[in-house]
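Below is a short briefing on a pocket and on strand pairing. Please keep the structure open while reading.

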Amino acid sequence: MKNYELLTIFKPNLDAEEIDKAVEKISSIIVDFGGNVVSTDKTGRKKLAYDIQNFRDGFFTTMVLALPADKVAEFKRQLRLSDNILRTMFMEVSEKASV
């Protein structure tokens with residue numbers, strides 16, 4: 001399994017309880033695909049550089065996760081299906097080079 005980092009921007013009109021449910025749903029999808037969540041960081045509400053779907057700000061969360069490489073495409077598809085997510089950025093975490 002490879003390690004990945006997922007930055008998710010949720011719609012700002014959601015309350016804290018709905019954000020927690022959405023993050024928990026993403027975590028359960030990861031576990032269903034045979035992965036695990038290493039850490040979750042809820043950064044909070046921030047102003048966006050430009051409007052996305054007529055929203056000027058969003059609720060940011062960052063998750064570090066391990067996921068099998070063959071499940072990544074299906075996981076990204078599941079993220080796109082969510083109505084509460086404005087944007088996602090999904091990237092592979094590389095090992096730090098030793099000097």
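The largest pocket is lined by Phe10, Ala22, Lys25, Ile26, Ile29, Gln78, Leu79, Leu81, Ser82, Asp83, Asn84 and Ile85. The model is predicted: local features need pLDDT of at least 70, side-chain atom pairs count only at pLDDT 80 or more, and totals for chains, interfaces and linings use all residues. Residues are numbered from 1 along each chain as its sequence is written, and side-chain values use heavy atoms, with hydrogens and water left out.

**Pocket**
- A pocket is an open set of points on a 1 Å grid over the protein atoms alone, where a 1.4 Å probe fits, with protein on both sides within 12 Å along at least five of seven lines; lining residues have an atom within 4 Å of a point.
- Two or more lining residues come from each of α1 (16-32) and α2 (72-81), and α1 gives the most, with four.
- Seven lining residues are nonpolar, three polar and two charged (Asp, Glu, Lys and Arg count as charged; Ala, Val, Leu, Ile, Met, Phe, Trp, Tyr, Cys and Pro as nonpolar; the others, Gly among them, as polar).

**Strands**
- Helices (H or I, at least four residues) and strands (E, at least two) are DSSP runs numbered from the N terminus, and two strands pair if DSSP finds at least two bridges between them.
- β1 (residues 2-10) pairs antiparallel with β3 (residues 55-67) over nine bridges; Phe10 has Phe59 of β3 as its bridge partner.
- β2 (residues 36-52) runs antiparallel to β3, joined by 11 bridges, and Val37 stands opposite Leu65 in β3.
- The hairpin of β2 and β3 has two residues between the strands, and Gln53 in the turn has a positive phi of about 55°.
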